[in-house]
Amino acid sequence: MANIESLNLSGCYNLTDNGLGHAFVQEIGSLRALNLSLCKQITDSSLGRIAQYLKGLEVLELGGCSNITNTGLLLIAWGLQRLKSLNLRSCRHLSDVGIGHLAGMTRSAAEGCLGLEQLTLQDCQKLTDLSLKHISRGLTGLRLLNLSFCGGISDAGLLHLSHMGSLRSLNLRSCDNISDTGIMHLAMGSLRLSGLDVSFCDKVGDQSLAYIAQGLDGLKSLSLCSCHISDDGINRMVRQMHGLRTLNIGQCVRITDKGLELIAEHLSQLTGIDLYGCTRITKRGLERITQLPCLKVLNLGLWQMTDSEKVRDCADCLAELPFHAQNSWHFVIRRRPIMGCRREGIGVLNCAALEWGTRSTPK
């Protein structure tokens with residue numbers, strides 16, 4: 001297959017270095033994308049062959065390849081100069097040294113993958129703020145960086161990222177040591193982020209929303225699930241975030257109808273909102289949210305209804321809301337049913353979200 005451009009071997013658990021050794025014995029200049037996700041027996045030996053024979057590779061997926069080490073990253077940094085996207089999710093042996101190789105910090109041994117645009121480091125537990133320093137210095141063209149579940153990074157590390165002008169999407173989900181101070185660093189820099197996820201960072205609160213409004217007001221997507229934010233924080237943020245399209249505030253249990261009213265008043269471009277587990281909102285708040293002119297997706301999983309509402313069909317409750325285009329709405333499957341939903345058929349399909357469409361009749 002001399003002209004192959006993409007090869008997907010993800011989930012081939014029995015694939016070994018020996019098997020790949022039979023495949024890569026000479027240069028394959030046409031191959032641009034290789035997916036080895038969850039090929040758990042693959043080691044640095046295979047990365048050496050890949051670096052030697054697949055020099056035109058632009059996308060490399062190694063998520064879950066838990067036997068890869070920093071030596072493997074050195075080989076990648078030596079041979080794959082054209083790499084644009086690299087996924088290293090849950091590669092547990094990787095440390096700051098390996099990220100330094102990718103970023104060209106060891107020029108005597110490898111040039112580095114300086115053209116990287118997307119880098120996923122999710123659940124790489126050995127990484128520290130030094131990795132973020134390497135990234136900011138060497139991978140200056142990076143557009144997407146996923147650091148979710150990296151417990152070793154802190155607010156100080158975000159100071160290094162705050163001046164990466166090319167960065168557009170930053171995922172800090174479940175980074176336990178990130179707080180309002182880290183968000184302040186991001187907001188005070190020269191970032192032009194369009195997407196930010198700090199969900200489940202339990203040290204992020206209302207002050208972060210004030211910083212976001214001050215310095216990250218170009219965001220199109222913001223995820224704050226399970227953060228310690230309240231209506232006060234929403235009030236600080238929404239007045240400056242008129243371009244926001246997607247807002248995820250699921251499990252933010254301090255949000256009430258007042259917060260929803262502020263969102264409905266100021267975020268007129270919102271197309272989707274996640275209210276999963278917001279147990280203090282009522283039908284009053286939903287009435288305001290459903291008046292948003294561009295809203296297409298509304299997630300109400302685990303919406304806590306009042307005692308009087310629990311004995312009624314959820315579809316009947318929703319039918320009372322002042323939908324601006326009621327005949328064009330249809331149910332979509334999302335997570336869990338609305339609590340108390342008893343209507344035959346809808347409960348089976350999980351009546352947990354609504355989606356606006358252009359259908360002439362409800363689906």
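Helices H9 and H10 pack with their axes 8 Å apart and at an angle of about 10°. That makes H9 roughly parallel to H10, a label given to angles under 35 degrees, with over 145 called roughly antiparallel, 65 to 115 roughly perpendicular and the rest oblique. The structure is a predicted model, in which local features need pLDDT of at least 70 and side-chain atom pairs count only at pLDDT 80 or more, while totals for chains, interfaces and linings use all residues. Residues are numbered from 1 along each chain as its sequence is written, and side-chain values use heavy atoms, leaving out hydrogens and water.

**Helices H9 and H10**

- Two packed helices are described by the angle between their axes and the distance between the axes. Axes are lines fitted to C-alpha atoms, for helices over the stretch in contact, and angles run from 0 to 180 degrees between N-to-C directions.
- Asp231, Ile234, Asn235 and Val238 of H9 meet Lys258, Gly259, Leu262, Ile263 and His266 of H10, where contact means heavy atoms within 4.5 Å.
- By class, this contact of H9 with H10 has 4 nonpolar, 3 polar and 2 charged residues. Ala, Val, Leu, Ile, Met, Phe, Trp, Tyr, Cys and Pro count as nonpolar, Asp, Glu, Lys and Arg as charged, and the others, Gly among them, as polar.
- H10 is largely enclosed by the rest of the structure, because 8 of its 10 residues are buried. Buried means under 20% relative accessible area, exposed over 50%, and partly exposed in between (1.4 Å probe, protein chains only).
- The buried residues of H10 include Leu260, Glu261 and Ala264. Those buried residues pack against H9, strand E10 (246-248), strand E11 (272-274) and H11.
- Helices (H or I, at least four residues) and strands (E, at least two) are DSSP runs, numbered from the N terminus.

**Salt bridges**

- The whole structure has 4 salt bridges; each is a side-chain nitrogen of Lys or Arg within 4 Å of a carboxyl oxygen of Asp or Glu.
- Glutamate 261 and arginine 284 form one of them, at 2.9 Å from N to O. Glutamate 261 lies in H10 (residues 257-266) and arginine 284 in H11 (residues 283-289), so the pair ties together parts that are 23 residues apart in sequence. Arginine 284 is exposed, at 53% relative accessibility.
- In the bridge between aspartate 197 and arginine 173, the closest N and O atoms are 3.4 Å apart. Aspartate 197 is in strand E8 (residues 195-197), and arginine 173 is in the loop between strand E7 (169-171) and helix H7 (180-188), so this pair ties together parts 24 residues apart in sequence. Aspartate 197 is buried at 13%, whereas arginine 173 is partly exposed at 26%.
- Arginine 236 bridges to aspartate 232, with 3.3 Å between the closest N and O atoms. These two are 4 residues apart in H9 (residues 231-238), which means a separation of about one helical turn.

**Asparagine 299**

- Asparagine 299 is in strand E12 (residues 297-299) and is buried, with a relative accessible area of 6%.
- Its side chain makes a polar contact of 3.3 Å with that of aspartate 274. A polar contact is a pair of N or O atoms within 3.5 Å; within protein, one must be able to donate a hydrogen and the other to accept it, and residues adjacent in sequence count only if both atoms are side-chain atoms.

**Positive phi in loops**

- Most residues other than glycine have a negative phi.
- Serine 226 has a positive phi near 65° and sits in the loop between strand E9 (221-223) and H9.
- Glutamine 251 has a positive phi near 65° and sits in the loop between E10 and H10.
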